[in-house]
Amino acid sequence: MSAPARTPHPAAPRPPAGPAAAAGRRAWLARANPAAKLLAAALVAAGLVPVVDPVTSGIVLAAALPLAACSGLRGAQLAAVGLPLLVMAAAIGLVNLLFGQEGWAGALGAAVRLLAIAVPSVLAAVTSDPTETADALVQRLRVPERPAVAVLAALRLIPLLTAQWRTLGAARRARGLEAGANPLRALGVFLGKAFALLVRAVRTGTTLAMAMDTRAFGTGPRGHARRSRWRAADTWLVAGTAALLCAAHLVSLAAGTWQPLGIGG
């Protein structure tokens, strides 16, 4: 005989639902303040651009890669984001190996440095909500509202432009303008779609600017509907990035591999 179903007590705590629950389910890196992630990425770029040795950049890259597990991205999403970076790094390394004067060490240093700078920046971009990014830019980094909202509008328009790109392709296929296996014709089709997309982007931007002007945007101080919260984890993220950079430079100096930009080994 099965036991009767228990009715929950009215005073019993109920599981969270709605946006709060969604925020609680977000990965650690996605919950971090976008301003902290941007500051950390900027610190990495500022700390690695002046050096070209692979050891300093390799230490930073080795510390940044595990953050991908805290980003909440799935395997296919990580592959879509990471594959272009690997291709670019391989291309940079190959060019430096063939035409550079530093040999394989210079080629490896250039490739690793590119990845070490790009990975934190890409993770910061793909794990940040556009609206939260605009709020953080204005409230935490004191960026003027016009460029901050321009960044928000650009990020919001990316999915729209992607949909318009697919629509242009479908329209051209319906008109029999497929390239087939001809690479020259494919280039022509691509350039035609790119020009049409550029025209649509300009029109969309003009419409958006007119809508913002009609709402008196930029004519005076404005309030904020959302508060950009800065948590202790955000402070630790920025401080940890600075400590990691210092440690990477010290290890490279101790190993005798530290090489600043513009000075050959």
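Student: Which backbone oxygen does the side chain of Ser71 reach, and at what distance?

Tutor: That of Ala68, at 2.6 Å. For a polar contact, two N or O atoms must lie within 3.5 Å; within protein, one must be able to donate a hydrogen and the other to accept it, and residues adjacent in sequence count only if both atoms are side-chain atoms.

Student: What kind of model is this, and what pLDDT do local features need?

Tutor: The model is predicted: local features need pLDDT of at least 70 and side-chain atom pairs count only at pLDDT 80 or more, while totals for chains, interfaces and linings use all residues. Residues are numbered from 1 along each chain as its sequence is written, and side-chain values use heavy atoms, with hydrogens and water left out.

Student: Ok, back to Ser71. Where is it, and is it buried or exposed?

Tutor: Ser71 sits in the loop between H4 and H5. Helices here are DSSP runs of H or I with at least four residues, strands are runs of E with at least two, and both are numbered from the N terminus. Ser71 counts as buried because its relative accessibility is 5%. The cut-offs are under 20% relative accessible area for buried, over 50% for exposed and partly exposed in between, with a 1.4 Å probe and protein chains only.

Student: What does Ser71 touch, leaving aside neighbours within four places in sequence?

Tutor: Ser71 is in contact with Ala27, Leu29, Ala30, Leu78, Leu123 and Thr127. Contact means heavy atoms within 4.5 Å.

Student: Let's follow Thr127, then. Where is it found, and why does it count as buried?

Tutor: Thr127 is in the loop between helix H6 (103–126) and H7. It counts as buried because its relative accessible area is 6%. The Thr127 side chain reaches the backbone oxygen of Leu123 at 2.5 Å. Not counting residues up to four places away in sequence, Thr127 touches Arg26, Leu29, Ala30, Lys37 and Ser71.

Student: Zooming out: how many helices and strands does the protein chain have?

Tutor: There are 10 helices and 0 strands. Buried residues make up 28% of the 265 residues in the protein chain. Of the contacts with a separation of 6 or more, 79% join residues 24 or more positions apart.

Student: Which residues does UniProt list as "transmembrane region"?

Tutor: The unreviewed entry lists 38–66, 78–99, 105–126 and 236–258. Those positions are in the numbering used here, feature names are shortened, and annotations may be inferred rather than shown by experiment. In the model, residues 105–126 are 100% helix and 0% strand, with end C-alpha atoms 31 Å apart. Residues 236–258 are 87% helix and 0% strand, with end C-alpha atoms 27 Å apart.

Student: How many residues line the largest pocket, and which lie nearest its centre?

Tutor: The lining has 19 residues, with Val149, Leu152, Phe217, Arg222 and Arg226 nearest the centre. The elements giving two or more residues are helix H7 (130–139), helix H8 (145–174) and helix H9 (183–214). H8 supplies the largest share, 5 residues.

Student: One last thing: what is the phi of Arg142?

Tutor: Positive, about 55°, although Arg142 is not a glycine. Arg142 lies in the loop between H7 and H8, and it is exposed, with a relative accessible area of 65%.

Technical notes. On a 1 Å grid over the protein atoms alone, a cavity is a set of points where a 1.4 Å probe fits but cannot get out, and a pocket is an open set with protein on both sides within 12 Å along at least five of seven lines; lining residues have an atom within 4 Å of a point.
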